[in-house]
Amino acid sequence: MNDTITRETNLPSEAHGAAPRKVFVKTYGCQMNVYDSQRMADALAAEGYQPTAEIEDADLVLLNTCHIREKAAEKVYSELGRIRQLKAERAASGRETLVGVAGCVAQAEGDEILRRAPVVDLVIGPQTYHRLPQVVQKARAGEKVVETEYAIEDKFEHLPALERKAVRSRGVTAFLTVQEGCDKFCTFCVVPYTRGSEVSRPVSQLVAEAERLAEAGVREVTLLGQNVNAWHGEGPDGTEWGLGQLLFRLAEIPGLARLRYTTSHPRDMDDALIAAHRDLPSLMPYLHLPVQSGSDRILKAMNRKHTGADYLRLVDRIRAARPDIAMSGDFIVGFPGETDEDFEDTMRIIRDVTYAQAFSFKYSPRPGTPGADLPLQVAEDVKNERLQRLQALVAEQQTAFAASLVGSEIDLLIEKPGRNPGQRVGRSPWLQPVIVDEMAGEIGDIVRVRITKAGPNSLFSEPVTGDGR
Ligand code: 5AD
Ligand code: SF4
């Protein structure tokens with residue numbers, strides 16, 4: 001009741017130029033959520049909400065959530081506990097706070113969230129972000145809103161309006177969503193349920209958006225999709241394009257010096273995509289290609305639709321096309337039924353491939369996925385032990401890769417000021433942060449540097465002079 005009164009008294013003052021409303025967005029999980037949070041902030045800016053980095057100042061708190069593992073999903077509820085207190089404190093000083101849950105927990109749990117956390121005013125799934133302004137309006141009028149139903153045609157409806165905003169200055173690197181959703185149904189994964197089936201954005205839209213980004217000074221674009229290399233569309237000549245053809249087209253855009261894409265499935269690495277790695281210097285020599293396990297038995301149970309040998313052959317072909325490519329992967333330890341032998345197969349594949357980067361996780365049973373109902377769930381202490389061993393091996397490989405670069409010359413895209421005065425930070429072609437003196441160049445420049453030292457989290461470098469670059 002009190003809430004309603006506060007709202008009503010707010011309305012007239014707003015019309016007379018009171019302080020604008022503020023939105024605080026907290027992002028969990030993957031790059032797609034990072035991108036979506038930006039889009040939501042853009043959509044809300046049009047409604048008069050300014051972004052704030054201080055949750056205490058926010059009239060609207062939005063949690064953009066991740067459901068991929070139990071730990072990620074549970075974090076949301078502990079955060080909502082803290083927000084409940086904050087909301088009460090703000091209410092005591094006459095300020096209203098709306099609380100929204102977006103992202104994959106919203107999609108997976110829907111109105112269950114309102115039951116578990118009554119502090120929440122609105123729940124909105126990733127396929128319905130184009131309705132966010134109306135949802136916020138309804139919530140402001142005192143309604144509890146759950147917006148997770150969508151028609152497949154709706155999925156990218158929100159994008160044209162948001163595209164106009166895509167040229168907001170975001171520094172020299174940007175993400176561009178080309179595809180959403182997944183039809184692979186790996187038995188451990190909630191994504192096909194939370195993000196729905198695959199939808200690809202059309203070529204013309206993507207080219208236009210990439211051109212706008214380039215005009216705004218973006219030098220590096222990372223194409224995003226849950227299953228990015230399943231992207232397909234009709235080329236201008238009427239032929240069917242895959243991600244490889246799209247990359248060839250984007251590489252023609254003046255100013256775009258670097259292209260990347262993530263995340264890929266081994267089954268969708270087709271010949272054109274491998275050719276893009278061979279022929280496009282702007283396609284960075286770094287590939288995130290999760291294999292999840294090295295055991296054929298487990299890969300089958302995971303419904304990955306490939307064997308360990310298939311994956312190794314594929315990596316060989318990619319390396320033949322682009323010898324300096326650095327591989328990155330995802331691994332799950334302790335999938336139901338995983339024996340010591342299966343785990344050793346995973347360690348073997350890691351040794352065979354040699355990774356520059358890897359993300360590894362203990363299997364987390366997700367409600368509604370086939371894996372959750374499998375017998376022979378692996379004990380927690382076994383998962384812990386395997387994860388530790390796997391991470392130690394990957395850390396060794398990562399350190400060795402960084403050390404192997406010391407003394408070599410690389411191209412560095414300068415991205416931002418460094419933590420210490422006089423320094424700048426950029427990225428190597430292999431995504432490592434590289435520190436360089438600010439005299440090396442301006443933000444957005446690609447400069448030639450020599451790696452002088454490899455630290456635990458970044459590389460150090462000096463500009464290479466005397467060759468006119
Ligand atoms: N348990 C553990 N890890 C998972 N991943 C996806 N689902 C699960 C799960 N249920 C991991 C996979 C995927 C990455 C994004 O998260 O390795 O590639
Ligand atoms: Fe999940 Fe598998 Fe789809 Fe990746 S390919 S999003 S792991 S179902």
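Guide: Let us start with a ligand shell. This is a predicted model, and in it ligand 2 is surrounded by C182, K184, F185, C186, F188, C189, V191, P192, H265 and R304.

Visitor: How many residues of the shell around ligand 2 are nonpolar, polar and charged?

Guide: The shell around ligand 2 divides into 7 nonpolar residues, 1 polar residue and 2 charged ones.

Visitor: Which residues have the most contacts inside the largest nonpolar core?

Guide: A nonpolar core is a set of buried residues joined through their side-chain atoms. The largest one here has 54 residues, and L223, L243, L247 and Y261 have the most contacts inside it. Helix α9, residues 203–215, supplies the largest share of this core, namely 6 residues. Apart from this core lies another, of 24 residues, including V61, I83, I113 and A117.

Visitor: What does Y261 touch, not counting residues up to four places away in sequence?

Guide: With those residues set aside, Y261 touches T222, L223, V228, L243, L247, M269, L273, H277, L283 and L287. Among these partners are L223, L243 and L247, which are also listed with Y261 for the most contacts inside the largest core.

Visitor: Is E79 buried or exposed?

Guide: The reading rests on relative accessible area, and buried means under 20%. E79 has a value of 7%, and therefore E79 is buried. E79 is found in helix α3, which spans residues 70–92. Not counting residues up to four places away in sequence, E79 touches K26, Y28, I55 and L63.

Visitor: How far apart are E79 and T307 in sequence and in space?

Guide: The two distances are read separately. E79 and T307 are 228 residues apart in sequence, and their C-alpha atoms are 40 Å apart in space.

Visitor: Where is the place of T97, and which residues is T97 in contact with?

Guide: T97 lies in the loop between α3 and β4 (98–102). T97 counts as buried because its relative accessibility is 2%. Leaving aside neighbours within four places in sequence, T97 is in contact with A58, D59, V61, K87, R90 and D121. With one of these, R90, T97 also forms a side-chain polar contact of 2.7 Å.

Visitor: Which residues does the UniProt annotation "domain: TRAM" cover?

Guide: According to the unreviewed UniProt entry, the annotation "domain: TRAM" covers residues 403–465. In the model, this span is 5% helix and 52% strand, and its end C-alpha atoms lie 23 Å apart.

Definitions and conventions:
Residues are numbered from 1 along each chain as its sequence is written. Chains are lettered from A and ligands numbered from 1 in the order in which they are written. This is a predicted model: local features need pLDDT of at least 70, side-chain atom pairs count only at pLDDT 80 or more; totals for chains, interfaces and linings use all residues. Side-chain values use heavy atoms; hydrogens and water are left out. A nonpolar core is a set of buried Ala, Val, Leu, Ile, Met, Phe, Trp, Tyr and Cys residues joined through side-chain atoms within 4.5 Å. Buried means under 20% relative accessible area, exposed over 50%, partly exposed in between (1.4 Å probe, protein chains only). Helices (H or I, at least four residues) and strands (E, at least two) are DSSP runs, numbered from the N terminus. Contact means heavy atoms within 4.5 Å. UniProt positions are given in the numbering used here, feature names are shortened, and annotations may be inferred rather than shown by experiment. A residue is near a molecule or strand if one of its heavy atoms lies within 4 Å of it. Ala, Val, Leu, Ile, Met, Phe, Trp, Tyr, Cys and Pro count as nonpolar, Asp, Glu, Lys and Arg as charged, and the others, Gly among them, as polar. A polar contact is a pair of N or O atoms within 3.5 Å; within protein, one must be able to donate a hydrogen and the other to accept it, and residues adjacent in sequence count only if both atoms are side-chain atoms.
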